Structure formats: C-alpha cells, structure tokens
Amino acid sequence: MTSQRQAILDTIDNNRDKAISFLQKMVAIPSVTGDEAAIQAFVADYMSGMGLDVDIWETNWEELKKHPGYRPVDRGYEGRPNIVGTRKGSGGGRSLLLNGHTDVIPVGNGEGWSDNPWSASIKDGRIYGRGSCDMKSGVASHILAVEFLKEAGIDLKGDVYINVVIDEEVSGHGTLDTVIRGYKADAGISGETSDLAVQPACIGRIWFQIDVQGKPAGIQQRYLGISAIDLGNKIVKAVQELEDHRVATVKHPLYPSAIDSLPCIIGSFQAGNYPSAFPASAVLKGSIGTVPGEDHEGVKQSLVDKIAQVAAEDEWMRDHPPVVRFVGYDAEASEIPSDHPIVDLVSRNFTELTGRKPEISGRQGAADTRFLNSYGQTPTVIFGPGSTAVMHANDEYVSIDDYLTAIKVMALCIYDWCGVRN
C-alpha cells in the first residue's frame, strides 16, 4: 500500500467519530417517500460546504412521463429535489458516479420498534433507525469518501459525481431523471444494501393486482351466491404454482438460490366489505421477482396466462374471468458483466482492506442501477454497508464497522478509478 493510500485510510480512522455523527444526523431526519425536502436540503448544504459544485433540481413530471423508463405514480415532485454534487478532476482520469437515495419506507406510529424509529441510537456496534441500512449509510459512505480524500490532500484527475435521489422506494424516478438531466460517467457504484457483497446485478420486481368477482347473494341465502373468497383462494394457489414453476426453471449464475430470488406471491387479499354480508368481490395484490436476462413483459404475460388457465377450469370464472392489472412498482432486472473493471476494482479494494475475497452475487432486491445501465451509459455495480435482510424491518440498523469499511472501500475506489495528480 502506497503512502498516499495509507494516508487516506488514516484520515478515515482519525475521523471515525465524525463519520458516525454524520450518519446519525441523516437517520434522525424523517424522510419517508414524498417527504424528502429536509434530508435533501441537509445533504445539499453539506456537500456545498465541502466545496463541491451542487446541482439541485426538481423533476418535471410531465417531461418525465415521456421517457420509456417512466412508470405511473400518484404524485409529482414539487419540493422534492434530486442532487448531484460534483468534484471536478484536473483532467485525464476516468469519471465515477456514486448513486444513492435518501427516501425511506413508512414507520407507522413506531409499532414494533424498540425505540423511536428516528432515534439514530447506537447499541452493540450498530446505528439503529429507519434508513440506517436502506440506504443512508450508503449515501453517507459516498459523501465522506470524497470529503476524506480531499482532507488527505488527494488531487483527482477524473470527475466524481455524488448523486442523491428521491422516490426510489416507489419508482426510481430520481435516478431516471438524473440520467435525463445528462449525467453519466465511465462507471458507477450504487450504495444500496449488499452486506458489503459486490453485486453486478439486481433482480426486477413487478407488482400486480387481480380483481375477482363472485356471484352476489343475501347472507340468508348465501348458498345461492359464489364466494369471492373461495375464488380468490384458487387464485392464490395458481400464483403459488407459477412460483413453483419459475423456481424450477429460471436460472442465473448470480442467483443460485432461486427460491430466495424469485418470489411470486399474493401479499394482500381483501374480500367483501361487511361482516354480515356475502363476499361477492375480492382484490388480491402481489409481486413477482425476475432475474436479469428474462423477458420482463413476458413474465407479466405468464401471470396473465396462468390466471386465464385457472379461470377456464372454473365454471363461474370461465364466464366471469378475473382481471389482472399491473399497477404500482415495476422495475426491470439489470446487470453488468461480472468481469467489468469496476466490479474487479471494488472487489480488489475490499480484499486489500479486509484480507477476504468478497461475495460476488446478485442483489435480491430491485435497484436504481437499472436506469444507469439501460439508459445512462454508466455501468454500475452495487456495494453498500447495509443488509438486505434487515432493510424495511422494524429496528432497522447498520453495523458501524461495515459502514466504516464502506467509506474506506469507496475512497480507494475513487482514488484508483479516477486517478490522482502527482
């Protein structure tokens, strides 16, 4: 390890308390999707204080709708800006884009949490709170890696873009709009949850809704009706059969455990509207996971075909078929080659720091990398300190050691990828 690289690591070690405090401040700012203004202002102010060129803009919803990557959403983006903080290099180096989101899923009234979801409390070497794992720790690792490189006196040749976006949990449109705005780089790193695994791929996710109509009847003469609950149970079984088929037939080398990677489930089943009324209608909602290389629209059609098959076998549904709709989250799977130079670089720096070879795997969750890979000409790998196993969970947390390791890996990757001026 050269003296410059060691100086970078020493700078990070000497700023351990600052790094922890910075993440705590981020976690303590509530930022449920749709309410990202405060966290984005905090991040933008911090990056401005670092001397970065900070671009802050609000997505033009009407213009966004024209892009093929757009998916319908219920609200626009006023007061919810995206950010790119740029550290310009001296020239002659490769550019790198660091991508992450600050929006988080809701916490309700804190039910099931051991502490305030925004406490950012520390216990047993972990920082707790909504977003600590998914993925404010990843965003913080990007920002601080750039800051500590500057503090260590490193002059970069290539440009570094810190891209901090909103609306990831619903649509990913923040990253899509970053691409539309014209930002691209020779490579990218997403700080999404990966447990410090190096992940060249992410799964896709398709939300769907199935409307079932039974035959109405009065509760006294319920035997004359056809229960939508009974029909819905047949739909649940059909979706399970589709999952069984996909798990047995869909293969991908980065996803050796198909049962974990290809969920196809009904997650919500609502039937009837009154305790003393016959349940003549039902709405079932669920999702399908996909892996890179699959025909995204073809997977949707396989669900439509499966439900049509089940309906054809039922005397009532044959003439009153369920309606399948694809509504809500709709993300395609994405990948870059496992031997891409950015994958190799992150892997080598992880090994240099830890003495261990990283796990090379596919992320078992969707990610904004799909937009950077498909539309942004920015091949992007996923590497982050959070754990996919605890994202979205009550008592969400991130390991402080993993967080600090991520900062170091990010700093060395920037140093190596962008190049330095002697």
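Is Lys306 buried or exposed? Lys306 is buried, with a relative accessible area of 14%, which falls under the 20% cut-off for that label. Keep in mind as you explore that this is a predicted model.

**Salt bridges: the overall picture**

- The count for this model comes to 23 salt bridges.
- Some charged residues join up in a group: Arg71, Glu297, Lys300, Asp330 and Glu332 are linked in a network of salt bridges.

**Glu241 and Lys306**

- Our opening residue, Lys306, has a salt-bridge partner in Glu241, and their closest N and O atoms are 2.9 Å apart.
- This pair links distant parts of the chain, since Glu241 sits in helix H7 and Lys306 in helix H9, 65 residues apart.
- Glu241 is partly exposed, with a relative accessible area of 34%, whereas Lys306 is buried.

**Glu352 and Arg5**

- A salt bridge joins the side chains of Glu352 and Arg5, with 2.5 Å from N to O.
- Here too, distant parts of the chain are linked: Glu352 belongs to helix H10 (residues 341–354) and Arg5 to helix H1 (residues 3–14), 347 residues apart.
- Glu352 counts as partly exposed because its relative accessibility is 35%, a value between the 20% and 50% cut-offs.
- Arg5 is buried, at a relative accessible area of 8%.

**Asp314 and Lys234**

- Asp314 and Lys234 form a salt bridge whose closest N and O atoms are 2.5 Å apart.
- Asp314 lies in the loop between helix H9 (296–312) and strand S12 (323–325), while Lys234 is in helix H7 (residues 228–249), so the pair ties together parts that are 80 residues apart in sequence.
- Asp314 counts as buried at 8% relative accessibility, while Lys234 is partly exposed at 40%.

**Where helix H1 meets helix H12**

- The axes of H1 and H12 (residues 400–418) come within 10 Å and cross at roughly 150°.
- Angles over 145 degrees count as roughly antiparallel, so H1 is roughly antiparallel to H12.
- The crossing of H1 past H12 is right-handed.
- On the H1 side, the contact residues are Gln4, Arg5, Ile8, Leu9, Ile12 and Asp13.
- On the H12 side, they are Ile407, Lys408, Ala411, Leu412, Tyr415 and Asp416.
- By type, the residues of this contact between H1 and H12 divide into 7 nonpolar, 1 polar and 4 charged.

Terms used. Residues numbered from 1 in each chain as written. Predicted model: local features only at pLDDT ≥ 70, side-chain atom pairs only at ≥ 80, totals over all residues. Heavy atoms only, no water. Salt bridge = Lys/Arg side-chain N within 4 Å of Asp/Glu carboxyl O. Helix = DSSP H or I, 4+ residues; strand = E, 2+ residues; numbered from the N terminus. Buried < 20%, exposed > 50% of the residue type's maximum accessible area, 1.4 Å probe, protein only. Axes fitted to C-alpha atoms, helices over the stretch in contact; angles between N-to-C directions. Parallel < 35°, antiparallel > 145°, perpendicular 65-115°, else oblique. Left-handed = near helix turned anticlockwise from the far one by under 90°. Contact = heavy atoms within 4.5 Å. Nonpolar A, V, L, I, M, F, W, Y, C, P; charged D, E, K, R; others polar.
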